[in-house]
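Here is a short briefing on how two protein chains meet. Start with the sequence and structure, then read the points by topic.

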Number of protein chains: 2
Amino acid sequence: MSYSIGQVSKKLGITVDTIRYYDKSGILPFVKKNEIGRREFTDNDVHLMRTIICLKNAGVSVADISKFIDYRLQGDSTLNERYQLLEEHRKDLQQQITDLQDTMSYLKFKEWYYQTAVEAGTEEIHFVPNTNEVIPDLADEYSNHLKETGQVDEFQRFSNVKDYRNR
Amino acid sequence: MSYSIGQVSKKLGITVDTIRYYDKSGILPFVKKNEIGRREFTDNDVHLMRTIICLKNAGVSVADISKFIDYRLQGDSTLNERYQLLEEHRKDLQQQITDLQDTMSYLKFKEWYYQTAVEAGTEEIHFVPNTNEVIPDLADEYSNHLKETGQVDEFQRFSNVKDYRNR
DNA sequence: CCTTGTCCTGGAGCCGACTCCAGGATATAT
DNA sequence: ATATATCCTGGAGTCGGCTCCAGGACAAGG
């Protein structure tokens, strides 16, 4: 009951080259080869590779994943280290998500900026009269717009934290 | 009222080298130089650069940002194009966030896996007896655990969508 | 037997996004 | 006047994560 590299490639949605690259990089030490040198993946191997891909998706580098896999090879004595590592990366991931959500708020603000500009037919509605400068506290105007249309002002929080506003 | 490259670097939290790299890459065509060839950034320039950094944070490539900036130089006739571009990238970003949240669910599952293993002192509690194989429907057990402890089962949705489960 | 398909290795190439010079000009502080 | 800081350009180097050969082995179908 085992799979070839091509089958695993399809199963996991990554190329065979990528799988070989991972193996070269030492993060697939558990994958065994048969008599004629071909890789044979067990269900368990595939399972582990899903975890690896998950870590990769979380932005963990191949080098760090390698650390995790090394621990695994050492057995139960490293359970705690592995737990710590995962926790660290989970916190990291949480930060990433939060950052992206902030970016999203800003993008939405810019979308509002352009949507209103498109409606007006000109960007000038956002400029200080007779200049090419954007109105300094345009962000406040946007916040008002959010309030008026009954939307949650996630942007307020964001502009305080990040100082993305124009001062 | 203008800033040197060093001042902007501090203001935006990116290196002067990065700013020069952006300029070389053509995404800062609005930055002017003074008589002796030094860059002078206006408030408006800094404002625009925040937008650029926002797009970068959203995972937009320098090449794509360049497209946006080119449109901007063409004036009001491209307002709609710019709006479309932002919308596209916003959708993209939303997908990214959703993906990361899925990854987060899986990471939490793995954390549970290791926390319980640490408590038990061995990983074997998750194996099929007398093998080194992980219990096939361990994910269900985790779902139960979530239910029992009154947590929202974001994992269920996730495992259906992504087939990250072991079958 | 020959073709087609899948696999192997080692190593080169590529891409994006920086990052780091060398060599030179100007500015500021003492 | 000298030292230190900041700026400039052009171009080379780095790094991670693939991606793509070349050259060769074996397997299965017609």
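Helices here are DSSP runs of H or I at least four residues long, numbered from the N terminus. By that rule, Glu111(B) lies in helix α5 of chain B. The model is predicted.

**Interface between chain B and chain A**

- The contact involves 49 residues of chain B and 49 residues of chain A.
- The size of an interface is often given as the accessible area lost when the parts come together.
- For chain B and chain A, the buried area is about 4,900 Å². Carbon and sulfur atoms account for 61% of it.
- Polar contacts across the interface of chain B and chain A come to 16 residue pairs, with both residues at pLDDT 80 or more.
- Three elements of chain B each give two or more residues to the side that touches chain A: α3 (43-57), α4 (62-73) and α5 (79-120).
- The most comes from α5(B), with 25 residues.
- By residue class, the side of chain B that touches chain A holds 19 nonpolar, 15 polar and 15 charged residues.

**Symmetry**

- Two copies of a chain are related by a rotation about an axis and a shift along it.

**Salt bridges between the chains**

- The whole structure has eight salt bridges over all chains. Four salt bridges are counted between chain B and chain A.
- One of them pairs Glu123(B) with Arg82(A), at 3.0 Å from N to O.
- Arg82(B) and Glu123(A) also form a salt bridge, with their closest N and O atoms 3.0 Å apart.
- That pair crosses between chains: Arg82(B) sits in helix α5 of chain B, and Glu123(A) in the loop between α5 and α6 (138-148) of chain A.
- Arg90(A) forms a salt bridge with Glu111(B), and the closest N and O atoms are 3.0 Å apart.
- Arg90(A) lies in helix α5 (residues 79-120) of chain A and Glu111(B) in helix α5 of chain B, so this pair joins two chains.
- Buried or partly exposed: which applies to Arg90(A)? Arg90(A) counts as partly exposed, because its relative accessibility is 22% and the buried class ends under 20%.
- Glu111(B) is buried, because its relative accessible area is 6%.
- Not counting residues up to four places away in sequence, Glu111(B) touches Tyr83(A), Leu86(A), Glu87(A) and Arg90(A).

**A salt bridge within chain A**

- The side chains of Asp17(A) and Arg20(A) meet in a salt bridge, at 3.9 Å from N to O.
- These two residues are three apart in helix α2 (residues 16-24) of chain A, so about one helical turn separates Asp17(A) from Arg20(A).
- Asp17(A) is exposed, with a relative accessible area of 56%. Arg20(A) counts as partly exposed, at 35% relative accessibility.

- Thr51(A) is found in helix α3 (residues 43-57) of chain A.
- Buried or exposed: which is Thr51(A)? Thr51(A) is buried, because its relative accessible area is 4%.
- Leaving aside neighbours within four places in sequence, Thr51(A) is in contact with Tyr106(B) and Lys110(B).

**Lys33(B)**

- Lys33(B) lies in strand β1 (residues 32-33) of chain B.
- Not counting residues up to four places away in sequence, Lys33(B) touches Arg38(B) and Arg39(B).
- Lys33(B) and Gln95(B) are 62 residues apart along the chain, and 40 Å separates their C-alpha atoms.

Conventions
Residues are numbered from 1 along each chain as its sequence is written. Chains are lettered from A and ligands numbered from 1 in the order in which they are written. This is a predicted model: local features need pLDDT of at least 70, side-chain atom pairs count only at pLDDT 80 or more; totals for chains, interfaces and linings use all residues. Side-chain values use heavy atoms; hydrogens and water are left out. Contact means heavy atoms within 4.5 Å. Buried area is the accessible area (1.4 Å probe) that two parts lose on being put together, summed over both. A polar contact is a pair of N or O atoms within 3.5 Å; within protein, one must be able to donate a hydrogen and the other to accept it, and residues adjacent in sequence count only if both atoms are side-chain atoms. Ala, Val, Leu, Ile, Met, Phe, Trp, Tyr, Cys and Pro count as nonpolar, Asp, Glu, Lys and Arg as charged, and the others, Gly among them, as polar. Buried means under 20% relative accessible area, exposed over 50%, partly exposed in between (1.4 Å probe, protein chains only).
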